[in-house]
Amino acid sequence: MKVVVIIPAAGLGTRMAPVPSAQIPGAKDAKAAPPAKQFTELAGTPILIHTLRKFAAVEQVSEIWIALRENEVEGFRERLSRDARDVLRKKVELVAGGEHRQQSVGNALNAITAAADDIVLVHDAVRPLVTAEIIHEVIEGAKKYGAAIAGLPAVDTVKQVERTAEGAIIRGTIPRAGVVLAQTPQGFRYSVIKKAFDEAAADGFAGTDEASLAERAGHEVAVVMGSARNIKITTPADMELAEFYLRK
(Lines give C-alpha, C1' and ligand atoms only; values in the text may rest on other atoms or scores of the structure.)
Protein backbone atom coordinates (compact mmCIF):
# COMPACT_ATOMS: atom_id res chain seq x y z
CA MET A 1 0.00 0.00 0.00
CA LYS A 2 1.27 3.47 -0.85
CA VAL A 3 0.17 6.90 0.31
CA VAL A 4 -0.24 9.63 -2.31
CA VAL A 5 -0.65 13.27 -1.27
CA ILE A 6 -2.44 15.81 -3.46
CA ILE A 7 -1.92 19.52 -2.73
CA PRO A 8 -4.29 21.78 -4.71
CA ALA A 9 -2.34 25.04 -5.02
CA ALA A 10 -3.84 26.78 -8.04
CA GLY A 11 -5.96 29.27 -6.11
CA LEU A 12 -5.57 33.03 -6.18
CA GLY A 13 -6.00 33.78 -2.47
CA THR A 14 -7.94 37.01 -2.99
CA ARG A 15 -8.51 37.60 0.74
CA MET A 16 -4.79 38.00 1.40
CA ALA A 17 -2.90 41.25 0.99
CA PRO A 18 -1.34 41.61 -2.48
CA VAL A 19 1.87 39.63 -3.06
CA PRO A 20 4.56 41.19 -5.26
CA SER A 21 4.51 39.32 -8.57
CA ALA A 22 8.27 38.78 -8.35
CA GLN A 23 7.61 36.30 -5.52
CA ILE A 24 5.28 34.22 -7.67
CA PRO A 25 7.13 31.48 -9.55
CA GLY A 26 6.42 31.61 -13.26
CA ALA A 27 4.84 35.06 -13.21
CA LYS A 28 5.70 36.61 -16.60
CA ASP A 29 3.83 39.87 -16.35
CA ALA A 30 3.89 41.92 -13.16
CA LYS A 31 0.64 43.68 -14.09
CA ALA A 32 -1.20 40.52 -15.13
CA ALA A 33 -0.06 38.17 -12.38
CA PRO A 34 -2.62 38.03 -9.54
CA PRO A 35 -1.48 37.42 -5.98
CA ALA A 36 -1.27 33.82 -4.77
CA LYS A 37 -1.30 33.33 -1.01
CA GLN A 38 0.42 29.93 -1.17
CA PHE A 39 3.59 31.74 -2.32
CA THR A 40 3.48 34.35 0.43
CA GLU A 41 6.59 33.98 2.57
CA LEU A 42 6.14 32.79 6.14
CA ALA A 43 9.33 33.17 8.17
CA GLY A 44 11.23 33.62 4.92
CA THR A 45 9.83 30.55 3.15
CA PRO A 46 6.74 30.25 0.92
CA ILE A 47 3.74 28.82 2.77
CA LEU A 48 3.45 26.04 0.18
CA ILE A 49 6.99 24.82 0.84
CA HIS A 50 6.33 24.75 4.60
CA THR A 51 3.31 22.54 3.84
CA LEU A 52 5.20 20.24 1.49
CA ARG A 53 7.94 19.70 4.05
CA LYS A 54 5.43 18.40 6.58
CA PHE A 55 4.38 15.60 4.20
CA ALA A 56 7.86 14.93 2.84
CA ALA A 57 8.97 14.20 6.42
CA VAL A 58 6.33 11.47 6.89
CA GLU A 59 7.77 8.04 6.12
CA GLN A 60 4.44 6.58 4.98
CA VAL A 61 4.08 9.15 2.18
CA SER A 62 5.26 7.82 -1.18
CA GLU A 63 4.31 10.54 -3.65
CA ILE A 64 3.31 14.22 -3.56
CA TRP A 65 1.30 15.75 -6.42
CA ILE A 66 0.98 19.53 -6.56
CA ALA A 67 -1.66 21.19 -8.74
CA LEU A 68 -0.60 24.69 -9.79
CA ARG A 69 -1.69 27.27 -12.29
CA GLU A 70 -0.15 26.22 -15.58
CA ASN A 71 2.09 29.28 -15.86
CA GLU A 72 3.56 28.56 -12.42
CA VAL A 73 4.58 24.93 -12.93
CA GLU A 74 8.07 25.40 -14.36
CA GLY A 75 8.95 28.26 -12.03
CA PHE A 76 7.94 26.28 -8.97
CA ARG A 77 9.82 23.21 -10.19
CA GLU A 78 12.96 25.35 -10.29
CA ARG A 79 12.20 26.77 -6.84
CA LEU A 80 11.95 23.27 -5.36
CA SER A 81 15.26 22.24 -6.94
CA ARG A 82 16.95 25.37 -5.65
CA ASP A 83 15.47 25.86 -2.18
CA ALA A 84 13.66 22.70 -1.09
CA ARG A 85 15.65 19.66 -2.12
CA ASP A 86 14.53 17.98 1.10
CA VAL A 87 11.01 17.83 -0.37
CA LEU A 88 12.37 16.11 -3.47
CA ARG A 89 13.43 13.10 -1.40
CA LYS A 90 9.88 12.00 -2.16
CA LYS A 91 8.52 11.52 -5.66
CA VAL A 92 7.09 14.97 -6.48
CA GLU A 93 4.93 15.62 -9.53
CA LEU A 94 3.52 18.96 -10.69
CA VAL A 95 0.29 19.12 -12.69
CA ALA A 96 -1.81 21.94 -14.07
CA GLY A 97 -4.70 22.77 -11.79
CA GLY A 98 -8.16 23.90 -12.73
CA GLU A 99 -10.24 26.98 -12.12
CA HIS A 100 -11.59 25.49 -8.87
CA ARG A 101 -10.20 23.24 -6.16
CA GLN A 102 -12.29 20.25 -7.25
CA GLN A 103 -10.92 20.52 -10.78
CA SER A 104 -7.35 20.72 -9.47
CA VAL A 105 -7.74 17.63 -7.32
CA GLY A 106 -9.51 15.86 -10.17
CA ASN A 107 -6.65 16.63 -12.56
CA ALA A 108 -4.18 15.12 -10.11
CA LEU A 109 -6.39 12.07 -9.52
CA ASN A 110 -6.57 11.46 -13.24
CA ALA A 111 -2.77 11.60 -13.48
CA ILE A 112 -1.77 9.29 -10.64
CA THR A 113 -1.47 5.52 -10.84
CA ALA A 114 -2.76 3.76 -7.72
CA ALA A 115 -4.26 0.48 -6.55
CA ALA A 116 -7.78 0.41 -5.11
CA ASP A 117 -6.53 0.17 -1.52
CA ASP A 118 -3.82 2.81 -1.81
CA ILE A 119 -4.46 5.92 0.29
CA VAL A 120 -4.93 9.38 -1.21
CA LEU A 121 -4.60 12.41 1.06
CA VAL A 122 -5.78 15.85 -0.01
CA HIS A 123 -4.43 18.81 1.94
CA ASP A 124 -4.83 22.57 1.71
CA ALA A 125 -1.69 24.26 0.36
CA VAL A 126 -2.05 26.93 3.05
CA ARG A 127 -2.26 24.70 6.13
CA PRO A 128 1.48 24.63 6.89
CA LEU A 129 1.16 23.77 10.58
CA VAL A 130 -0.27 20.28 10.19
CA THR A 131 1.54 17.75 12.34
CA ALA A 132 2.93 14.31 11.53
CA GLU A 133 0.54 12.91 14.16
CA ILE A 134 -2.53 14.30 12.38
CA ILE A 135 -1.28 13.02 9.03
CA HIS A 136 -0.71 9.57 10.51
CA GLU A 137 -4.14 9.48 12.15
CA VAL A 138 -5.89 10.41 8.90
CA ILE A 139 -3.96 7.72 7.03
CA GLU A 140 -4.96 5.12 9.61
CA GLY A 141 -8.58 6.31 9.54
CA ALA A 142 -8.70 6.08 5.75
CA LYS A 143 -7.24 2.57 5.86
CA LYS A 144 -9.81 1.47 8.43
CA TYR A 145 -12.95 3.23 7.20
CA GLY A 146 -12.18 4.04 3.56
CA ALA A 147 -12.56 7.78 4.20
CA ALA A 148 -11.45 10.01 7.08
CA ILE A 149 -10.78 13.67 7.71
CA ALA A 150 -9.16 15.76 10.42
CA GLY A 151 -11.72 17.83 12.29
CA LEU A 152 -12.42 19.75 15.48
CA PRO A 153 -15.53 19.83 17.66
CA ALA A 154 -17.24 23.22 17.53
CA VAL A 155 -16.67 25.31 20.64
CA ASP A 156 -18.66 28.39 19.65
CA THR A 157 -22.44 28.43 19.44
CA VAL A 158 -23.47 27.80 15.82
CA LYS A 159 -26.39 29.82 14.44
CA GLN A 160 -28.37 29.09 11.29
CA VAL A 161 -29.20 32.35 9.52
CA GLU A 162 -31.18 33.71 6.62
CA ARG A 163 -29.31 36.22 4.46
CA THR A 164 -31.15 39.45 3.70
CA ALA A 165 -30.30 42.66 1.86
CA GLU A 166 -29.61 44.30 5.21
CA GLY A 167 -27.58 41.49 6.79
CA ALA A 168 -28.42 38.17 8.41
CA ILE A 169 -31.30 37.06 10.61
CA ILE A 170 -30.95 34.10 12.99
CA ARG A 171 -33.42 31.31 12.21
CA GLY A 172 -32.16 28.65 14.59
CA THR A 173 -29.40 27.34 16.83
CA ILE A 174 -27.55 24.17 15.82
CA PRO A 175 -26.51 21.94 18.76
CA ARG A 176 -22.70 21.94 18.97
CA ALA A 177 -22.61 18.24 19.83
CA GLY A 178 -23.51 17.45 16.24
CA VAL A 179 -21.07 19.88 14.59
CA VAL A 180 -17.48 19.29 13.51
CA LEU A 181 -15.24 21.87 11.86
CA ALA A 182 -13.56 20.16 8.92
CA GLN A 183 -9.83 20.46 8.39
CA THR A 184 -7.35 18.75 6.12
CA PRO A 185 -5.78 16.37 5.35
CA GLN A 186 -8.74 14.40 4.12
CA GLY A 187 -7.86 10.80 3.32
CA PHE A 188 -9.51 8.10 1.21
CA ARG A 189 -8.87 4.75 -0.33
CA TYR A 190 -8.13 5.45 -3.99
CA SER A 191 -11.21 3.49 -5.09
CA VAL A 192 -13.45 5.63 -2.87
CA ILE A 193 -12.19 9.06 -3.93
CA LYS A 194 -11.91 8.16 -7.63
CA LYS A 195 -15.51 6.92 -7.70
CA ALA A 196 -16.72 10.01 -5.84
CA PHE A 197 -14.93 12.38 -8.24
CA ASP A 198 -16.00 10.51 -11.35
CA GLU A 199 -19.65 10.57 -10.27
CA ALA A 200 -19.50 14.27 -9.38
CA ALA A 201 -17.92 15.11 -12.74
CA ALA A 202 -20.54 13.08 -14.62
CA ASP A 203 -23.36 14.89 -12.78
CA GLY A 204 -21.82 18.35 -12.86
CA PHE A 205 -21.83 18.47 -9.05
CA ALA A 206 -19.48 20.80 -7.15
CA GLY A 207 -18.77 19.96 -3.52
CA THR A 208 -17.32 22.07 -0.74
CA ASP A 209 -14.52 19.59 -0.03
CA GLU A 210 -13.46 16.05 -0.92
CA ALA A 211 -15.42 14.54 1.96
CA SER A 212 -18.64 16.06 0.61
CA LEU A 213 -18.12 14.15 -2.64
CA ALA A 214 -17.54 10.89 -0.77
CA GLU A 215 -20.67 11.53 1.30
CA ARG A 216 -22.66 12.16 -1.88
CA ALA A 217 -21.37 8.87 -3.30
CA GLY A 218 -22.82 7.06 -0.28
CA HIS A 219 -19.60 6.49 1.66
CA GLU A 220 -19.37 7.22 5.37
CA VAL A 221 -16.52 9.52 6.38
CA ALA A 222 -14.84 9.18 9.77
CA VAL A 223 -13.39 12.10 11.74
CA VAL A 224 -10.07 12.02 13.58
CA MET A 225 -8.94 14.74 15.93
CA GLY A 226 -7.36 17.75 14.26
CA SER A 227 -5.72 20.68 16.01
CA ALA A 228 -6.56 24.30 16.70
CA ARG A 229 -3.08 25.09 15.38
CA ASN A 230 -3.79 23.40 12.04
CA ILE A 231 -5.08 26.69 10.67
CA LYS A 232 -5.84 27.55 7.06
CA ILE A 233 -4.05 30.79 6.24
CA THR A 234 -6.66 32.96 4.56
CA THR A 235 -6.20 36.51 5.87
CA PRO A 236 -3.28 38.66 7.04
CA ALA A 237 -4.38 37.97 10.63
CA ASP A 238 -3.89 34.25 10.00
CA MET A 239 -0.33 35.00 8.87
CA GLU A 240 0.38 36.70 12.20
CA LEU A 241 -0.97 33.70 14.09
CA ALA A 242 1.04 31.23 11.96
CA GLU A 243 4.22 33.24 12.56
CA PHE A 244 3.53 33.13 16.28
CA TYR A 245 3.10 29.35 16.24
CA LEU A 246 6.30 28.94 14.21
CA ARG A 247 8.24 31.02 16.74
CA LYS A 248 6.88 28.82 19.53
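Here is a quick tour of the chain above, from its overall build to a pocket and a few residues worth a look.

Bear in mind that this is a predicted model: local features need pLDDT of at least 70, side-chain atom pairs count only at pLDDT 80 or more, and totals for chains, interfaces and linings use all residues. Residues are numbered from 1 along each chain as its sequence is written, and side-chain values use heavy atoms, with hydrogens and water left out.

**Overall build**

- The chain has 7 helices and 11 strands; helices (H or I, at least four residues) and strands (E, at least two) are DSSP runs, numbered from the N terminus.
- Its radius of gyration is 18 Å, close to the 18 Å that the globule rule gives for 248 residues, so the chain is as compact as a globular protein of that length. That radius is taken over C-alpha atoms, and the rule is 2.2 Å times the number of residues to the power 0.38.
- Along the principal axes, the C-alpha atoms fill a box of roughly 50 × 50 × 40 Å.
- Of the 248 residues, 48% count as buried. Buried means under 20% relative accessible area, exposed over 50%, and partly exposed in between (1.4 Å probe, protein chains only).
- Residues 24 or more positions apart make up 73% of the contacts with a separation of 6 or more, where contact means heavy atoms within 4.5 Å.
- The chain exposes about 12500 Å², and carbon and sulfur atoms supply 50% of that. Accessible areas come from the Shrake-Rupley method with a 1.4 Å probe; for residues, only the protein chains shown count as cover.

**The second largest pocket**

- This pocket has a volume of about 310 Å³. On a 1 Å grid over the protein atoms alone, a pocket is an open set of points where a 1.4 Å probe fits, with protein on both sides within 12 Å along at least five of seven lines; lining residues have an atom within 4 Å of a point. Grid points are joined across faces, edges and corners, and the volume is the space filled by probe spheres set on the points.
- It is lined by 19 residues, and the closest to its centre are Gln102, Gln103, Phe197, Phe205 and Leu213.
- The elements that give two or more residues to the lining are α3 (101–111), α5 (190–203) and α6 (210–216), and α3 gives the most, with 6 residues.
- By class, the lining has 7 nonpolar, 7 polar and 5 charged residues. Ala, Val, Leu, Ile, Met, Phe, Trp, Tyr, Cys and Pro count as nonpolar, Asp, Glu, Lys and Arg as charged, and the others, Gly among them, as polar.

- Most residues other than glycine have a negative phi, and most peptide bonds are trans.
- The peptide bond from Thr184 to Pro185 is cis, with omega near 15 degrees, and Pro185 lies in strand β10 (residues 180–189).
- Ala43 has a positive phi, near 55 degrees. You'll find Ala43 in the loop between β2 (41–42) and β3 (45–46), exposed at 61% relative accessible area.

**Covered and uncovered spots**

- Helix α1 (residues 47–56) is mostly covered, with 8 of its 10 residues buried; among them are Ile47, Leu48, Ile49 and Phe55.
- Ala154 sits in the loop between β7 (147–153) and β8 (158–164), yet is buried at 12% relative accessible area. Leaving aside neighbours within four places in sequence, Ala154 is in contact with Arg176, Val179 and Leu181.
- Thr208, in the loop between α5 and α6, counts as exposed at 73% relative accessibility.
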